[in-house]
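Subject: Structure handover

Hello,

Here is the structure we talked about. Please open it alongside the notes below.

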Amino acid sequence: MNPDDPLLTILACPLDKGPLALLTDEEALYNPRLRLSYPILEGIPQLLPSSGQKVGADEHERYLARRKAPAT
């Protein structure tokens with residue numbers, strides 16, 4: 001999955017129905033509101049509630065910083 005994929009505009013967290021951020025390095029979709037990461041396996045997002053993995057505070061801050069960093 002890439003950042004320009006139109007599918008990203010319609011994918012939502014199965015728990016709070018909010019938008020997800022693509023983490024290309026981790027091959028995951030991230031919900032910063034609930035601090036849950038959903039894996040992408042073989043190009044297919046795993047968006048079952050049980051697939052979400054809790055993210056710690058340090059990792060959460062790293063994800064947020066990366067999203068705010070200007071693209072180079």
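E2 and E3 form a hairpin with four residues between them. Arg35 sits in that turn and has a positive phi of about 55°. Helices (H or I, at least four residues) and strands (E, at least two) are DSSP runs, numbered from the N terminus.

Some ground rules. This is a predicted model, so local features need pLDDT of at least 70 and side-chain atom pairs count only at pLDDT 80 or more, while totals for chains, interfaces and linings use all residues. Residues are numbered from 1 along each chain as its sequence is written, and side-chain values use heavy atoms, with hydrogens and water left out.

**Strand pairing**

Two strands pair if DSSP finds at least two bridges between them. E2 and E3 are antiparallel, with four bridges. Tyr30 has Ser37 in E3 as its bridge partner.

E3 also pairs with strand E5 (residues 53-54), antiparallel, over two bridges. There, Leu36 is partnered by Lys54 in E5.

Strand E4 (residues 44-45) is another antiparallel partner of E3, again with two bridges. Leu41 is bridged to Ile44 in E4. The E3 and E4 hairpin has two residues between the strands, and Glu42 takes a positive phi near 55° there.

**Positive phi**

Most residues other than glycine have a negative phi. Glu27 has a phi near 50°, a positive value. Glu27 lies in the loop between strand E1 (21-23) and E2. Arg35 is in the loop between E2 and E3. Arg35 is partly exposed, because its relative accessible area is 30%. The cut-offs are under 20% for buried, over 50% for exposed, and partly exposed in between (1.4 Å probe, protein chains only).

**The core**

The largest nonpolar core has nine residues: Leu8, Leu11, Cys13, Leu20, Leu22, Leu29, Leu36, Tyr38 and Ile40. Strand E3 (residues 36-41) gives the largest share, three residues. A nonpolar core here is a set of buried Ala, Val, Leu, Ile, Met, Phe, Trp, Tyr and Cys residues joined through side-chain atoms within 4.5 Å.

What does Leu36 touch beyond its neighbours within four places in sequence? Leu36 is in contact with Leu15, Leu29, Tyr30, Asn31, Gly52, Gln53, Lys54 and Val55. Contact means heavy atoms within 4.5 Å.

**Asn31**

Asn31 lies in strand E2. Is Asn31 buried or exposed? Asn31 is buried, because its relative accessible area is 0%. The Asn31 side chain reaches the backbone nitrogen of Arg33 at 2.8 Å. That is a polar contact: a pair of N or O atoms within 3.5 Å, where within protein one must be able to donate a hydrogen and the other to accept it, and residues adjacent in sequence count only if both atoms are side-chain atoms. Not counting residues up to four places away in sequence, Asn31 touches Cys13, Asp16, Leu20 and Leu36.

**The aromatic pair**

There is one aromatic pair. Tyr30 is in strand E2 (residues 28-31) and Tyr63 in helix H1 (residues 57-68), so the pair links distant parts of the chain, 33 residues apart. Rings of Phe, Tyr and Trp (its six-membered ring) pair if their centres lie within 6.5 Å; planes under 30 degrees apart count as stacked, over 60 as edge-to-face and the rest as tilted. Tyr30 counts as buried because its relative accessibility is 0%. Tyr63 is buried too, at 2%.

Best wishes
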